Amino acid sequence: MDYTKTTDIPSPIRTYYDKRLLQRLLPRLIHKAAAEMRPLKMRSGDQIKFRRIESLSAQTAPLEEGVTPSPLVLDDTQITSTIGQYGGYSIITDMVQMTDIDPIISETVGLMGEMMGNTVDQTIASVINAGTNYIRVTATNVGSTSGARTVVNNGVFTPYHLRAAVSTLENANVEKIQTMIKTGSGYDSSPIPEAYLCYIHPTIAQWIRGGDTTYWAPATSGFIPVQHYANYSSLYPGEIGAHVSGVRFIMSTNVKTWAAASADSTTVYSNLVVGKGFYACTEMEGGVRTYVHDRKTEGGPLEQRSTVGAIVEHVTTILNDSCAVRIECESKLAGT
């Protein structure tokens, strides 16, 4: 609701209302969890260049005595990204400031911070889900690594697909992100293996928590609820549990989804399994900047308006496409 004028405020609220503002429902901002953070200093250009010296092949043939071998050629990969600017602002009239019971300026500053955090998180999700390594679950729950999303995807996420993604990453020598959580003395606690991260939607979270007893039966699926961790010292916001194959699940409604893929599907969900070195996030030094201009500077001849806004400079870059696998599926939960 836009309270930029007193006439925008419903009449009962204009006379009296509870002074405690209602809680806003916000998504968890999770997509920086596996990112390499690379700040960009002010006045150092609008681009950042990433460079990787590629690994040398093993030299398995023995050297010939007295013969100098050919030199090994070094090769590198360079990736250049251009930072983008994101932001917005709101106008607040003098009458709202004079008559509204709430400190509207300070409240709007908070809103801007929330908006910018959500903007960056959704921007990251969009970029990192454009990788080329994927498993699209078919109608028979087989994982396919080819075919268009609109044709193939109408199956559900199972432990089989998760293990296939982990196997792909491990065979590519992708490093895990988190070290092992050793078992503790607590009742029914479980050790958690060193792990990749998997960004999941709440709908899929319900599925793997046991919403389907065929594939994710609690006793046999390999899912470990976060309540059974030996300790909670390194939990991520939104973390719901882990899998014995070496994955920890982080949940948010900002996880990438796509439109209906077939007649019996309402939404296609991404389950992105991420290893170390997959992507980087770059922001201008200082992060989000908030701007408040009072009526004397922005209000015109009669000083009738103030503005509150925020800006951030940000770019997300995939550094190594081999370091993540996206599992695309639908959900069989009612209404999804």
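Colleague: Which residues in α3 are buried?

Modeller: Bearing in mind that this is a predicted model, the buried residues of α3 are I104, T108, M112, M116, V120, D121, T123, I124, A125 and I128.

Colleague: Why would several of those sit three or four places apart?

Modeller: An α-helix has 3.6 residues a turn, so residues with that spacing point the same way.

Colleague: And how far apart are the end C-alpha atoms of α3?

Modeller: They are 36 Å apart, and this agrees with expectation, because 25 residues, 104–128, at 1.5 Å a residue should span 36 Å.

Colleague: OK, moving to the core: how many residues does the largest nonpolar one have?

Modeller: That core has 54 residues, and those with the most contacts inside it are Y199, I208, F249, V273, V274 and Y279. The element that gives the most to this core is α3, which supplies 6 residues.

Colleague: What does V273 touch, leaving out residues up to four places away in sequence?

Modeller: On that count V273 touches L162, A165, L169, Y196, L197, C198 and V247, and also C323, A324, V325 and I327. Another core, of 5 residues, lies apart from the largest one, and I192, V226, Y229 and A242 are among its members.

Colleague: Changing topic, what volume does the second largest pocket have, and which residues are closest to its centre?

Modeller: Its volume is about 300 Å³, and of the 15 residues that line this pocket, E36, R52, G277, L319 and N320 are the closest to the centre.

Colleague: Which strands supply at least two residues each to that lining?

Modeller: Both β2 (47–53) and β3 (76–82) do, and the largest share of the lining, 3 residues, comes from β2.

Colleague: Last one, on the whole protein: how many helices and strands are there, and what share of the residues is buried?

Modeller: The protein has 7 helices and 16 strands, and buried residues make up 42% of its 336 residues. Among contacts with a separation of 6 or more, 73% are between residues 24 or more positions apart.

Technical notes. Residues are numbered from 1 along each chain as its sequence is written. This is a predicted model: local features need pLDDT of at least 70, side-chain atom pairs count only at pLDDT 80 or more; totals for chains, interfaces and linings use all residues. Side-chain values use heavy atoms; hydrogens and water are left out. Helices (H or I, at least four residues) and strands (E, at least two) are DSSP runs, numbered from the N terminus. The expected span of a helix is 1.5 Å times one less than its number of residues. Buried means under 20% relative accessible area, exposed over 50%, partly exposed in between (1.4 Å probe, protein chains only). A nonpolar core is a set of buried Ala, Val, Leu, Ile, Met, Phe, Trp, Tyr and Cys residues joined through side-chain atoms within 4.5 Å. Contact means heavy atoms within 4.5 Å. On a 1 Å grid over the protein atoms alone, a cavity is a set of points where a 1.4 Å probe fits but cannot get out, and a pocket is an open set with protein on both sides within 12 Å along at least five of seven lines; lining residues have an atom within 4 Å of a point. Grid points are joined across faces, edges and corners, and a volume is the space filled by probe spheres set on the points.
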